Amino acid sequence: MERTYLMVKPDGVQRNLAGEIISRFEKKGFKIVGLKMLRISREMAEKHYGEHAGKPFFESLVGFITSGPVVAFVIEGKDAVSAARDMMGATNPLKAAPGTIRGAYGIDIGRNIIHGSDSLESAAREISLFFKEEELVEYSREVDGWIYE
Ligand code: DAT
Ligand code: MG
């Protein structure tokens with residue numbers, strides 16, 4: 001089982017989409033093992049998006065992600081990293097398939113509603129950047145027998 005880091009960005013929170021987005025991952029069958037609302041500091045944003053430092057959109061990306069509260073959560077399940085990326089859709093919402101989160105709710109690339117880790121390595125790094133060990137919860141679910149064969 002994998003864990004991945006997901007985050008409803010400030011536009012998703014402002015547009016009252018946080019519940020809808022979390023709900024998609026719940027309904028899919030993934031287990032939520034961490035969940036909180038926070039306001040990202042500039043330092044955290046620069047760390048989180050470190051791979052994009054120096055790119056032309058970096059400053060506006062950091063400005064945007066720190067512009068309002070986000071809802072951060074961690075899901076656990078089979079192939080969680082790539083499955084969550086597929087559920088999010090392409091980075092540019094106009095190019096994202098209609099059934100995906102970005103495809104369903106977004107238009108501009110700089111307002112694409114959700115973040116999700118792009119690899120197991122980024123997932124581990126991002127989870128530890130945003131969550132303390134004691135904020136992640138381990139529990140079993142009866143329903144897992146109806147989700148996994
Ligand atoms: P993703 O969020 O799909 O992992 P990414 O890691 O390449 O995409 O970029 C991080 C965020 O930066 C992305 O969600 C939106 C913004 N972004 C990426 N490419 C951009 C571009 N060409 N112009 C403006 N914003 C961009
Ligand atoms: Mg990325």
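## A tour of the ligand 1 site

Start with the residues that a record points to. In an unreviewed entry, UniProt gives the feature "binding site" at K9, F57, R85, T91, R102 and N112. Select these residues: K9, F57, R85, T91, R102 and N112 are included in the lining of the largest pocket. Keep in mind that this is a predicted model.

What takes up the space of the largest pocket? Ligand 1 does.

Next, select the shell. Around ligand 1 you will find K9, Y49, H52, F57, L61, R85, T91, R102, I109 and N112. Colour these residues by class. The shell has 4 nonpolar, 3 polar and 3 charged residues.

Now zoom in on the polar contacts. Pick T91. One of its polar side-chain atoms is 2.6 Å from an oxygen atom of ligand 1. Where does T91 sit in the chain? Its place is the loop between α5 (80-88) and α6 (101-105).

Move to H52. Here a polar side-chain atom lies 2.9 Å from a ligand 1 oxygen atom. Then click on R102. An N or O atom of the R102 side chain is 3.0 Å from an oxygen atom of ligand 1.

Finally, zoom out and select residues 1-138. UniProt lists this span as "domain: Nucleoside diphosphate kinase-like", again in an unreviewed entry. Switch to cartoon view. The span is 41% helix and 19% strand.

Methods: Residues numbered from 1 in each chain as written. Chains lettered and ligands numbered in written order. Predicted model: local features only at pLDDT ≥ 70, side-chain atom pairs only at ≥ 80, totals over all residues. Heavy atoms only, no water. Near = heavy atom within 4 Å. Polar contact = N/O pair within 3.5 Å; in protein donor to acceptor, adjacent residues only side chain to side chain. 1 Å grid on protein atoms, 1.4 Å probe; cavity = no way out; pocket = protein on both sides within 12 Å on 5 of 7 lines; lining within 4 Å. Sits in = over half its atoms within 2 Å of the grid points. Nonpolar A, V, L, I, M, F, W, Y, C, P; charged D, E, K, R; others polar. UniProt positions renumbered as here; feature names shortened; annotations may be inferred. Helix = DSSP H or I, 4+ residues; strand = E, 2+ residues; numbered from the N terminus.
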